Amino acid sequence: MPMLEVKGLVKRFGGNVAVDHACFTVEEKGVTCLIGPNGSGKTTIFNLLTNMLPADEGSALYRGGELIGKSASAVVKRGVVRTFQDLKLFGEFTVLQNVLIAIRGRYGESVWQGLRYSPGAAGAKADAGQAMEALRVVGLEAQAGQQVRSLPYGEQKLVSLARLYAAKADLLLLDEPASGMDREGYRLLDGVIARLLDMGKTILLVEHNMEFVQAVARKVVFLHRGQVLAQGTMEEIRSDKQLTEIYFGY
Ligand SMILES: Nc1ncnc2c1ncn2[C@@H]1O[C@H](COP(=O)(O)OP(=O)(O)OP(=O)(O)O)[C@@H](O)[C@H]1O
C-alpha cells in the first residue's frame with residue numbers, strides 16, 4: 001500500500017479549476033516530486049493535503065486514514081508537515097527559538113507559549129536537546145544563537161527544514177526547497193535530504209529545478225492545468241515528447 005494515495009482531488013477558484021481530479025501515489029521512504037508549468041496546481045495540492053484550503057472533492061489517504069476534511073493541526077498530528085515558499089520563519093528570533101516554536105507547536109501550543117521558555121520548566125531541557133539535534137541534521141548547530149534574519153537565504157531554508165525535522169513527522173512536504181539556492185546551497189540541501197531519507201522520512205516536493213529533481217527524485221508526478229498527465233521516473237517523463245513540449249518547450 002502506498003504511504004499516500006491521492007484520488008480525484010478537485011479545487012476550484014471561481015471558474016478556474018486549479019486541481020482537476022488529480023490522482024497520484026507517494027511510496028514510503030523516498031522522494032516524489034510534483035513538477036509542471038507555473039500555475040499547474042502544485043502548491044494548491046500542498047494546501048489541500050495539509051487542509052490549509054478545503055478541497056471541493058476527492059480523497060487523500062495517508063497510511064489508510066483520510067486527511068481531507070480534517071483540521072490543519074490534525075494533519076500535523078498525523079505526521080504530515082510542510083514548508084512554504086516564503087519560509088514563514090520568525091526573523092527576529094534566533095535559529096534555536098524558531099525550532100523550539102515548531103517543537104512546542106507539536107503539543108498544540110501557540111507561538112507565544114512556545115517562546116515563553118523558562119529553562120527550569122519541565123520538558124524544557126528535552127525540547128532544547130531535540131532542537132539542537134534538528135540543527136545538527138541540517139548542519140546549523142553553530143548558528144543556533146543567531147537571529148534568523150541575519151543568515152543567508154540558503155541557511156534560512158535549512159532552518160525551515162530543521163523545523164520540519166523537529167516536528168517529528170514522517171511525510172515531509174517541501175515547497176521549492178532548491179529555489180534561490182546557489183551551488184553550495186544545493187550541496188547542503190542534497191546532504192540534508194539524504195540524511196532525512198536515512199532516518200526513514202518520506203519526502204514529497206514541488207520543484208522547478210530539473211537538475212535537482214533528476215538528482216533526488218525516485219518518482220515524478222507531472223501536472224498540467226491541475227491534471228496529473230503522467231507519473232514515473234524522470235527518464236520516463238523526459239522520453240515522452242508531449243510532456244517535454246508542454247514543460248521543457250522542446
Ligand atoms: N487562493 C487562490 N485564489 C484564487 N486562485 C488561486 C489561488 N491559489 C491558486 N490559485 C490559482 O490556481 C492555479 C494553480 O496555482 P498554484 O499556485 O497551485 O500553481 P503552481 O503549480 O504551484 O504554480 P507555481 O509553479 O507558479 O508556483 C493558478 O491558476 C492560480 O492562479
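**Reading helices, sheets and a ligand shell**

Modeller: Let us begin with a helix pair: helix 6 and helix 7 are roughly parallel to each other (angles under 35 degrees count as roughly parallel, over 145 as roughly antiparallel, 65 to 115 as roughly perpendicular and the rest as oblique). Please note that this is a predicted model, in which local features need pLDDT of at least 70 and side-chain atom pairs count only at pLDDT 80 or more, while totals for chains, interfaces and linings use all residues. Residues are numbered from 1 along each chain as its sequence is written.

Biologist: At what angle do the axes of helix 6 and helix 7 cross?

Modeller: Two packed helices are described by the angle between their axes and the distance between the axes. Here the axes of helix 6 and helix 7 (residues 183–198) cross at roughly 10° and come within 10 Å. Axes are lines fitted to C-alpha atoms, for helices over the stretch in contact, with angles from 0 to 180 degrees between N-to-C directions. Helices (H or I, at least four residues) and strands (E, at least two) are DSSP runs, numbered from the N terminus.

Biologist: Which residues of helix 6 and helix 7 meet?

Modeller: From helix 6 come G154, L158, L161 and Y165, which meet G185, L188, V192 and L196 of helix 7 (contact: C-beta atoms, placed from the backbone, within 7 Å). Six of these residues are nonpolar, two are polar and none is charged. In this scheme Ala, Val, Leu, Ile, Met, Phe, Trp, Tyr, Cys and Pro are nonpolar, Asp, Glu, Lys and Arg charged, and the others, Gly among them, polar.

Biologist: How close do the axes of helix 5 and helix 6 come?

Modeller: The axes of helix 5 (residues 124–137) and helix 6 (residues 153–166) come within 8 Å and cross at roughly 130°, so the two helices are oblique to each other. Helix 5 contributes Q130, A131, A134, L135 and V137 to the contact, and helix 6 contributes A162, Y165 and A166. By class, this contact has seven nonpolar residues, one polar residue and no charged residues.

Biologist: I turn to the sheets. In what order do the four strands of the open sheet stand?

Modeller: Strands of a sheet pair through backbone hydrogen bonds, either parallel or antiparallel. The four-stranded open sheet has the order 2-1-4-5 with antiparallel pairing (pairing: at least two DSSP bridges between two strands). Strand 2 (16–26) and strand 5 (65–66) are at the edges with a single partner strand each, so one side of each lacks a neighbour in the sheet.

Biologist: How many bridges join strand 1 and strand 2?

Modeller: Seven bridges join strand 1 and strand 2 in the antiparallel sense. R12 faces V17 of strand 2, and L4 has V26 as its bridge partner there. The two strands form a hairpin with two residues between them, and G14 in the turn has a positive phi of about 60°. Strand 1 (residues 4–13) also pairs with strand 4 (residues 57–62), antiparallel, over five bridges. Among the pairs in strand 4 are A60 opposite V6 and E57 as the bridge partner of V10.

Biologist: Is the pairing in the six-stranded open sheet mixed or antiparallel?

Modeller: The pairing is mixed, and the order is 6-7-8-3-9-10. Strand 6 (80–82) and strand 10 (227–232) are the edge strands, each pairing on one side only. Neighbouring strands are turned by 20° against each other on average, direction ignored. Strand 6 and strand 7 (residues 171–175) run parallel, joined by three bridges, and V80 has L171 of strand 7 as its bridge partner.

Biologist: Which strands of the two sheets does helix 1 lie across?

Modeller: Helix 1 (residues 42–49) lies across strand 1, strand 2 and strand 4, at about 70° to strand 2. Helix 1 also lies across strand 3 (31–35), strand 6, strand 7, strand 8 (202–206) and strand 9 (219–224), at about 145° to strand 7.

Biologist: Which residues surround the ligand?

Modeller: The ligand is surrounded by F13, N16, A18, G36, N38, G39, S40, G41, K42, T43 and T44 (each with its C-beta atom, placed from the backbone, within 6 Å). Strand 2 and helix 1 are the elements giving two or more residues to this shell, and helix 1 gives the most, with three. By class, the shell has two nonpolar, eight polar and one charged residues.
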